[in-house]
Amino acid sequence: MNSKHDVLIIGGGPVGLSCAYYLLKSGRKVTILDAHEIGKGSGSGNAGHIVPSHIIPLAAPGVVTSALKWMLDPAHSPFGMKVSLDPKYISWLLQFVMACNEANVQRAISPLNSLGQLSAKNFAQLITEEKFDCSYQEKGFLNLYKNEEGFHAGQHEAEFMQKHGIPINVYDKSKVHEVEPVALSDVIGGIHFTGDAHLNPAVFLKLLSERVRAIGAEMFENTSVTGFESMNGKITKVKTNAGDFESEQVILAAGAFTPLVARDLKLNIPIQPARGYSLTMTANKQMPRQALILGERRIAVSPLGNLLRFTGRLEVGNYSQMPNPVWIQRIENSVREYITLDEKLDIQETWAGLRPVTPDGMPIIGRSPTHGNLILATGHAMLGLSLGPGTGQVVAELVNGQTPSFSLSPMRLDRF
Ligand SMILES: Cc1cc2nc3c(=O)[nH]c(=O)nc-3n(C[C@H](O)[C@H](O)[C@H](O)COP(=O)(O)OP(=O)(O)OC[C@H]3O[C@@H](n4cnc5c(N)ncnc54)[C@H](O)[C@@H]3O)c2cc1C
């Protein structure tokens, strides 16, 4: 048994590490447990987009119809799902379908906007103060479109976001080619989210974990949480494969694995994994000037210093983290439809990661309704990197008994 800890964080991904950083800065003692290597989970191979513009949750009107349409074109579909009769999975799917409406979007906009803006501000400050060299670029990201239908739908969404204060430029064909010369001639327009940024997530997470260790965190890798003991509404013991831990406060930040880790706590945490893939290569002869999204294909292209990364696919329900070579090749093929690439790519890494997705597309941040010394920080879906530093700050505020920077009520677990 280790001596009693102050704040114990389960999970060293972008969310857990951000919580650790802001807790340490506020004077708390922090211990991080991770089943694997800290900073190497589902955050490291992602697109690296920091997107305060993403104020529309995954569960929104039209999503189910689009998903059904995409399934008719399986070779290009950005979306897939496991077929299973597992009651928890079916119940999650039903809740997701029920949440794909205007009321859910209206509920989510303000909290997602507050968390996104706070996170973007914290990213800029953290990277400057800590002098992190992680290819951080505040150039926004540019959506490219190849057909009128896609461009029109993109503009409709952009108008909606502009009304909520998101800075956006819409480019016609000649302007989009001036702004992004790597775009192929049949790209007909673009939408530029100018307030967004991107970075190399693996480098950022490595630097953040080194910094967190340097300012005092105790870090235990290959230490898998296997269960809990509770008494009188408090967690009294966190059980792991490397012994038991006791702590005043526990933060659960295990991403898509959160419901599995929390089994003993008998909490209803409706999170499903949504797998995605990336392939990373050495820089091409001609590199994009900014981060891109290939509008109709929903694929991200990220220039990361001397590397170039493509990411795509959202496959609900599967926990395996094996990159699927068929989809890696299809992602490359799709990118070739939009931008100039070297004939032969010098691929350095293929990767798969899991997005932790809730049925309403909003994270779960707040105190557990059943355990007084447990805080949940999870369910960030496709935005866990982007929303990490804001989540870290509000979790530190909660632990320290302060009023959070914005209202966390819409993100409480007991909304489900
Ligand atoms: C293809 C793809 C592209 C993406 N692009 C972006 C992007 O551009 N921008 C963005 O913001 N987000 C993006 N995401 C989403 C982002 O990667 C996730 O939201 C993020 O990783 C979630 O962070 P987390 O810290 O909650 O969980 P994770 O990153 O999953 O970290 C959880 C940690 O918990 C640990 N853990 C699990 N079980 C246990 C246990 N039993 N005991 C102890 N530790 C445990 C794991 O080892 C892991 O290190 C993308 C995801 C994918 C798959």
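A pocket is defined on a 1 Å grid over the protein atoms alone as an open set of points where a 1.4 Å probe fits, with protein on both sides within 12 Å along at least five of seven lines, and its lining residues have an atom within 4 Å of a point. The model is predicted, so local features need pLDDT of at least 70 and side-chain atom pairs count only at pLDDT 80 or more, whereas totals for chains, interfaces and linings use all residues. Residues are numbered from 1 along each chain as its sequence is written, and side-chain values use heavy atoms, with hydrogens and water left out.

The lining of the second largest pocket comprises 17 residues, and K88, P259, I269, I271 and Q272 lie nearest the pocket centre. Helix α3 (87-99) and helix α8 (258-261) each give two or more residues to this lining (helices are DSSP runs of H or I, at least four residues, numbered from the N terminus). The largest contribution, 4 residues, comes from α3.

The ligand is surrounded by 35 residues, the closest being D34, S42, V225, A381 and S386 (a residue counts if one of its heavy atoms lies within 4 Å). Polar contacts (pairs of N or O atoms within 3.5 Å) place an oxygen atom of the ligand 3.3 Å from a polar backbone atom of P14; the distance is likewise 3.3 Å for a polar backbone atom of G43 and for one of G48. Taken alone, the ligand exposes 1000 Å², of which the protein buries 95% (Shrake-Rupley method, 1.4 Å probe).

Terms used: A polar contact is a pair of N or O atoms within 3.5 Å; within protein, one must be able to donate a hydrogen and the other to accept it, and residues adjacent in sequence count only if both atoms are side-chain atoms.
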